[in-house]
Amino acid sequence: MAGPTTARRGGAKSSKSVRPRSGAPSRPARKPAGRPPGRGPRRGGLRSRLPRGRRLVLWAVAAVLAGGAAGWALYGSTWLRATRVEVSGARVLTPDEVRAAAGVRLGGPLVSVDTDAIEERLRDALPRIASVRVERSWPHTVALKVVERQPKAIVQDVAKGGRFIEIDGEGVRFATVDQAPGGVPRLSVESSDAAAASLRRFGPERLEREGVRVAEALPEAVRADTRTIRVRSYDSITLELTGGRTVVWGSGERGEAKARALTALLKAARGADRFDVSAPSAPAASGS
């Protein structure tokens, strides 16, 4: 009698599903892990479907087409042609003079403009130009950015009818003009017997550079008041200012210190007419 009862209980648990009690939520059946039905393994689209060699060919063709389009735009089309030359920075020189010396050929592709050659032509043809930068300004312009030399001293050339040669702060003679520019001192290298020894030792060009070195060291206001820089020897340079004033400068060395000492003396001794800054640590002023 006990056998059937035990079998019935065990069999009921194993063969029948247990229904949830009323009111309890039913749990959804779990689906096996994996990809959704009906879909195969993930693929990488066209890139994975095409062989690697064919992909490389497609990339190469695309690169060639892009390069060809760019080359045509730069060289073959009329969109990027050099049609005008723009000049900036010219003060004494005129824009037309700069354009003529540059010799830029218009109408060709802007990308083919040889900027280095243009810069070289400008420096050779116009010594007044200290530096120049040539740039392509897209889509149609060649820009010439000029910096002119500034005269720090002038030398009167008797052989050229008394015309004036302009010299910049580096001692470069860059232009000959009919009229002396205002505010620029005249440089005079003495050729007397007293200066003969210095001339033999250093030469006139070296002495001229020393005079320009002094002019470059002068403050702008003092340079404007300086009429003549007189070089008697390497270490005997004097300045002749407006109002009959004289400055003993000495050599061209320690120019900044001497310029500061002279500026202070001119303010402190306004009635003096002789100033000595050859020893800038002990400057002196004298005269009425």
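User: What does Leu262 touch, leaving out residues up to four places away in sequence?

Analyst: Leu262 touches Val222, Leu239, Val247, Trp249, Phe275 and Val277 when residues up to four places away in sequence are not counted, where contact means heavy atoms within 4.5 Å. This is a predicted model, in which local features need pLDDT of at least 70 and side-chain atom pairs count only at pLDDT 80 or more, while totals for chains, interfaces and linings use all residues. Residues are numbered from 1 along each chain as its sequence is written, and side-chain values use heavy atoms, with hydrogens and water left out.

User: And the largest nonpolar core, how many residues has it got?

Analyst: The largest nonpolar core has 27 residues, and those with the most contacts inside it are Leu187, Leu239, Val247, Trp249, Leu262, Phe275 and Val277. Such a core is a set of buried Ala, Val, Leu, Ile, Met, Phe, Trp, Tyr and Cys residues joined through side-chain atoms within 4.5 Å, and buried means under 20% relative accessible area, with exposed over 50% and partly exposed in between (1.4 Å probe, protein chains only).

User: Which elements give two or more residues to this core?

Analyst: They are β4 (153-157), α7 (204-217), β8, β9 (236-241), β10 (246-250) and α9 (255-268), and the largest share, 5 residues, comes from α9. Helices (H or I, at least four residues) and strands (E, at least two) are DSSP runs, numbered from the N terminus. Apart from this core lies another, of 20 residues, among them Val98, Ile129, Val132 and Val142.

User: Let's take β10, then. What does it pair with?

Analyst: β9 and β10 are joined by 4 bridges and run antiparallel, whereas β10 and strand β11 (residues 274-276) pair in the parallel sense over 3 bridges; two strands pair if DSSP finds at least two bridges between them. Thr238 has Val248 in β10 as its bridge partner, and Val247 has Phe275 in β11. The hairpin of β9 and β10 has 4 residues between the strands, and Gly243 there takes a positive phi near 75 degrees.

User: Why would you call β10 largely enclosed?

Analyst: Because 4 of the 5 residues of β10 are buried, the strand is largely enclosed by the rest of the structure. The count for β4 is also 4 of 5 residues buried, so β4 is largely enclosed as well.

User: Where does β4 pair, and what's in the turn?

Analyst: β4 is joined by 5 bridges to strand β5 (residues 163-167), and the two run antiparallel, with Val155 standing opposite Ile165 in β5. They form a hairpin with 5 residues between them, and Gly161 in the turn has a positive phi of about 75 degrees.

User: Switching to Thr226: is it buried or exposed?

Analyst: Thr226, which is in strand β8 (residues 226-233), is buried, with a relative accessible area of 2%. A polar atom of its side chain lies 2.7 Å from the backbone oxygen of Val222. Leaving aside neighbours within four places in sequence, Thr226 is in contact with Pro185, Leu218, Leu239, Glu240 and Leu241.

User: Now the open sheet. What's the strand order?

Analyst: Its 3 strands run in the order β1-β3-β2, with mixed pairing. β1 (84-88) and β2 (129-137) stand at the edges, each with a single partner strand, so one side of each is left without a neighbour in the sheet. Strand β3 (residues 141-148) is joined to β2 by 8 bridges, and these two run antiparallel; Val132 has Val146 in β3 as its bridge partner.

User: Which helix packs there, touching β1 and β3?

Analyst: That is helix α4 (residues 95-102), whose direction makes about 125 degrees with that of β1. Helix α5 (residues 115-125) also packs on the sheet, touching β2 and β3, and its direction makes about 155 degrees with that of β2. Axes are lines fitted to C-alpha atoms, for helices over the stretch in contact, and angles run from 0 to 180 degrees between N-to-C directions.

User: Last one, how far is Phe174 from Ile129?

Analyst: They are 45 residues apart in sequence and 8.5 Å apart in space, C-alpha to C-alpha. Phe174 is found in strand β6 (residues 173-177) and is buried, with a relative accessible area of 5%.

Terms used:
A polar contact is a pair of N or O atoms within 3.5 Å; within protein, one must be able to donate a hydrogen and the other to accept it, and residues adjacent in sequence count only if both atoms are side-chain atoms.
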